Amino acid sequence: MKDNKKPPLTRRDFLSRSGSAGIVTALAGAGTLSVFAASAQETPLVAAAAKPPIDTIKGPASEMAIPTFCAMCGPSYGCGINAIVRDGKFIRVEGRKDAPLNRGKLCAKAHAAPQWVYSPQRLKYPMRRVGKRGKGKFEKISWDQALDLIADKLKEQKKRYGPESLAILSPAHRTYSTYLYRFLTAHGSPNYGHSGICAIQKAFAFSYTVGTHPAPDIENTKLYVIWAKQPVYAGSSKGGVRSLIAAKERGVKIVAIKPTMEPDVAHSDLWIPIRPGTDAAFALALLHVVIEEKLYDTDFVEKWTYGFDRLVPHVRKYSPEWAEPITGIPAQQARDFARLYATTKPACIEVGNGLEHAVSCNDAVRAIAILSAITGNLDRKGGDLLNGNFFGGGGGGSSFTLSERYTQEWVEKIVGPEFPKAFQPGFEGTSTAYYRVFESVLTGKPYPIRTIIAPGTQPTVSTRGTANVLAALKKVDFFVVIDVTRTAEIDYADVVIPVTTMYETDHPFEGFGPAVAARNKVIEPLGDYKSDYEFWIDLGVRMGYGKDFWNGSIEACMDEQLKPMGITYAELRQRKQGFAPPRKPPVYENYAQAFTAHSTRLDKGPYLPEGKVAIYNTTFEKLGFNPLPEWREPPESPTATPELLSKYPLTFSDFHTSKVYNAAWLRNVAYLREVMPDPTLQIHPETAAERGIVSGDAVVVESLHGSITLKADVNPGIRPDTVMALHGWWQGCAELGKTNLPVLEGGANTNSMYSTDPKRAYDPLVTAMTSQTLVQVRKA
Amino acid sequence: MSKQLGFYFDAGRCVQCHACEVACKSTHELELGPRWRRVLDRWAGKFPLVVNTSLSVSCMHCADPACAKVCPVTAISKRKEDGVVVVDSEECIGCRACRKACPYGAPQYGHNGKMQKCYLCTDRIALGLQPSCVATCPGEALAFGDVEELAKLAAARGGEKMEGVTRPSLFVIPAKNVANISIEFHSFFQELHPGRTPSAQE
């Protein structure tokens, strides 16, 4: 950090410079969300050369601008940046105007990238544990020694216990998840441990109801419903903000359904402050009104839905009056909103990860999908489109995970299926529920996992039952941590693999929508390490799987993935704006195709056997699950466990995203920590006053399962009967005098607050975990 | 009237993402502590008719800067060519009189004890770039330019110049809200500068 001696700050310097500037405003032509600008396709392909194109942007001559992509948030990258380097040091980023996703804009995280790269908490070299587990004593080893240690252990365990004794946990940064799948398949293990909190659960429910995860057509809608979604924090420069503001200025009616007033709610016309975890009850009440008042599209229902006649009597019991004590939403407001939604054409619903934090996740999403379908909003302009673009990603392809090798025997070996075995493999491959990896270690059932690899994931702050996770990490034979900075459970690792940030590699290519673009290296790696991608390729070779891992060549790996696009990685690097296949004009009402989509299951059977919207789901029925969406109570709630209210009167839940952090990372980045210095509890003024609490007070939040200490943030933008906090807190920030927090008692880890009752804490079909409980709050 | 550059802020487009704040810190490689730009927010109303609105502020390059008036060593000056208020760190003695005088808490202090603040990225402007806060804003809530042009833009969008004895060069567009609650922009500064009301005379 330099101090205040920068030349422009002296008056003499100022006077010598021209200060003329016309008005610069970007307000004209409020943008719309478009994945890739047409102009990008016109970039000529120049001859391949090894060097990346260095940008000539306006800036001081001493600075060099390297065009690449931001890498500060998961699960996807794609915001184009110019990384500015001075004297060999990465000093700042500027948004690239020609980047189709962000169009020159960036978020707070993006601008803090250099502090993350040069963070004192970075792992500098591979390490091996020398002390007792949990003590955190390590010695430095080389990259080769580390690979040998891991490969030797895996080979030995494969021989003794079978390859399925290895589980790899899913990372928060998802661009390398396909590499983990590839390694698992080559090794012979079906155990990819996926945490049921992010996108895959809703994608499952949508696919088995309407054939795919719909994408809201915000650009052409008249009513935009933001449901359990955070369009601002989930990457403010990626287009969510642009769409929200553009919709608002076009006069679109915006309705937000979520428990607290976040910035997107502040821009909405109507806030429906639902009690956390009760979205399924609310959606069922909306279906009740739409059917009772015959507000549905009879033509669509007749032609394209299956089982509507069975839904009609089924939702009779789910009246808005029935839902009111559960959701906390007055029956009249539910009726008004149902009418508004069903009579405003077109209307679209953007569904967020909030729905995936509840035991009724699958039925909430199904009910919402059915609501969109029967009101005639499915695949219509301005409605919820079925073009399959929701999970659009460039390159890759299913065979990258070697999924063609899956067999029934393979599926049978899954240690704790994320989705029932009959539904495996899922979108990415076969998977086990993340939390069940730890259960297997502790119980040995159905067999014990012997090695856990945690690449870019922090299990003690990412899944429920923190005490169980720690017990399992103490017990497991072998535990490997792969990350950029220290993790919450690094002290338990046998081997620690440090990896590059994405500013220190020139791969992989980034995919956004149907487009791909090369990543350029900004600086050389700061320590003895390689990228996540290279690690898996190196380990594959070391294990003897060289044929599946391009014999160690990252270039060959990139080229193979780009082959379907007819371009090599070297050629792609020369196209600053990337490569996009020609855009197809939108096709609406493409039901015949969308409703006959083949599933990812072994039998490749269709998601919708009747070729219609599965209102009555015969696939679920055959396997013993509810054919129609139903309400399922959280393990603890005012209506599920009223007997607890005298001791624990408030509903507690946590936020999935925050404005400046990324899951359980980036608290160590001082520029971001200055914006959000402490873990806070959002609490209503009346609720706070009853307890003598004012903003800034330290407060203890206690549930049946645990307690955390937070700082009170008192404001009226939350239900008075609910309090909420951000998850993922543990990391300190030495520069600001913030110490690491414990992951159990006395810390701020929300995961320790919830039930882990196997019968009541998880969605029975999609293993989504509860993020709701009852608590008491008191001054610390 | 001589030329005066200023900022423009549309609360109806701000999503409180703090990108402007961190872009500023990173562009100027600021040490920890000083924040040349800040995103402030205010709550009003009663649940469930609640209003939450924001203001992104830096130095407002006032037409009549209180900071310059009180500086005992004339380290603070107003540039003739564009009205930008600048501080000469070589002359500043770190007495903090400017901090006390500024109604908006703009002057900041780092380890060297000298005043530092937004200088409207005049070096970037000279290169044809936008100030870093304006360039990055995902909601395009921020703009900068000549106050006469900003006045036209603000008028067209239902906003106006922020009032105050120092005549700040900031145009603000209030966010429309469902509860029809108006939030006085000066109220944002109470927490920054307790005990002072920007609209009152010295």
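Me: How many of the seven residues of strand β1 (residues 63-69) of chain A are buried?
Reply: The model is predicted. A residue is buried here if 20 or more other C-beta atoms lie within 10 Å of its own. Strand β1 of chain A is mostly covered by that criterion, and the number of buried residues is five.

Me: Which residue of β2(A) is the bridge partner of A:F69?
Reply: β1(A) and strand β2 (residues 80-86) of chain A run antiparallel and are joined by seven bridges. A:F69 belongs to this pairing, and its bridge partner in β2(A) is A:G80.

Me: What radius of gyration does chain A have, given its 780 residues?
Reply: The C-alpha atoms of chain A fill a box of roughly 70 × 70 × 60 Å along the principal axes. A compact globule of 780 residues would have a radius of gyration near 28 Å. The value for chain A agrees with this: 26 Å.

Me: Among contacts in chain A between residues at least 6 apart in sequence, what percentage join residues at least 24 apart?
Reply: Chain A comes to 24 helices and 27 strands, and 58% of its 780 residues count as buried. Of its contacts between residues at least 6 apart in sequence, the share joining residues at least 24 apart is 71%.

Me: Which residues does A:L287 touch, not counting residues up to four places away in sequence?
Reply: A:L287 is among the residues with the most contacts inside the largest nonpolar core. In general, nonpolar side chains tend to be buried together in soluble globular proteins. With residues up to four places away left out, A:L287 touches A:V315, A:Y318, A:A367, A:I370 and A:L371.

Me: Is A:F652 buried or exposed?
Reply: A:F652 lies in strand β22 (residues 650-655) of chain A. Leaving aside residues up to four places away in sequence, A:F652 touches A:V701, A:S703, A:V723, A:M753, A:T773, A:L774 and A:V775. Because 26 other C-beta atoms are within 10 Å, A:F652 is buried.

Me: What distance separates the C-alpha atoms of A:F652 and A:M724?
Reply: These two residues are 72 residues apart along the chain. The separation of their C-alpha atoms is 5.6 Å.

Me: Which helix gives the most to the side of domain 1 of chain A that touches domain 3 of chain A?
Reply: Chain A is divided into domain 1 (127-196 + 395-519 + 527-573), domain 2 (214-387) and domain 3 (642-779). The C-alpha centres of domain 1 and domain 3 of chain A lie 30 Å apart. Their contact takes 18 residues from domain 1 and 19 residues from domain 3. With three residues, the helix that gives the most to the domain 1 side is α17 (residues 466-475) of chain A.

Me: What radius of gyration does chain B have, given its 202 residues?
Reply: The C-alpha trace of chain B spans about 50 × 40 × 35 Å along its principal axes. A compact globule of 202 residues would have a radius of gyration near 17 Å. Chain B agrees with that, at 16 Å.

Me: Which element gives the largest share of the side of chain B that touches chain A?
Reply: In this interface, 64 residues of chain B are in contact with 60 residues of chain A. The chain B side divides into 27 nonpolar, 20 polar and 17 charged residues. Its largest share, seven residues, comes from α1(B).

Me: Which strands stand at the edges of the open sheet of four strands in chain B?
Reply: The order in this sheet is β8-β1-β10-β9 (chain B), with mixed pairing. An edge strand has a single partner strand, so one side of it is left without a neighbour in the sheet. The strands in that position are β8 and β9 (160-161) of chain B.

Me: Which residue of β10(B) is the bridge partner of B:E160?
Reply: β9(B) and strand β10 (residues 170-173) of chain B run antiparallel, joined by two bridges. In β10(B), the bridge partner of B:E160 is B:V172.

Notes: Residues are numbered from 1 along each chain as its sequence is written. Chains are lettered from A and ligands numbered from 1 in the order in which they are written. This is a predicted model: local features need pLDDT of at least 70, side-chain atom pairs count only at pLDDT 80 or more; totals for chains, interfaces and linings use all residues. A residue is buried if 20 or more other C-beta atoms lie within 10 Å of its own, exposed if 12 or fewer, and partly exposed in between; C-beta atoms are placed from the backbone. Two strands pair if DSSP finds at least two bridges between them. The radius of gyration is taken over C-alpha atoms; the globule rule is 2.2 Å times the number of residues to the power 0.38. Two residues are in contact if their C-beta atoms, placed from the backbone, lie within 7 Å. Ala, Val, Leu, Ile, Met, Phe, Trp, Tyr, Cys and Pro count as nonpolar, Asp, Glu, Lys and Arg as charged, and the others, Gly among them, as polar. A nonpolar core is a set of buried Ala, Val, Leu, Ile, Met, Phe, Trp, Tyr and Cys residues joined through C-beta atoms within 7 Å. Domain bounds come from an automatic or database domain assignment.
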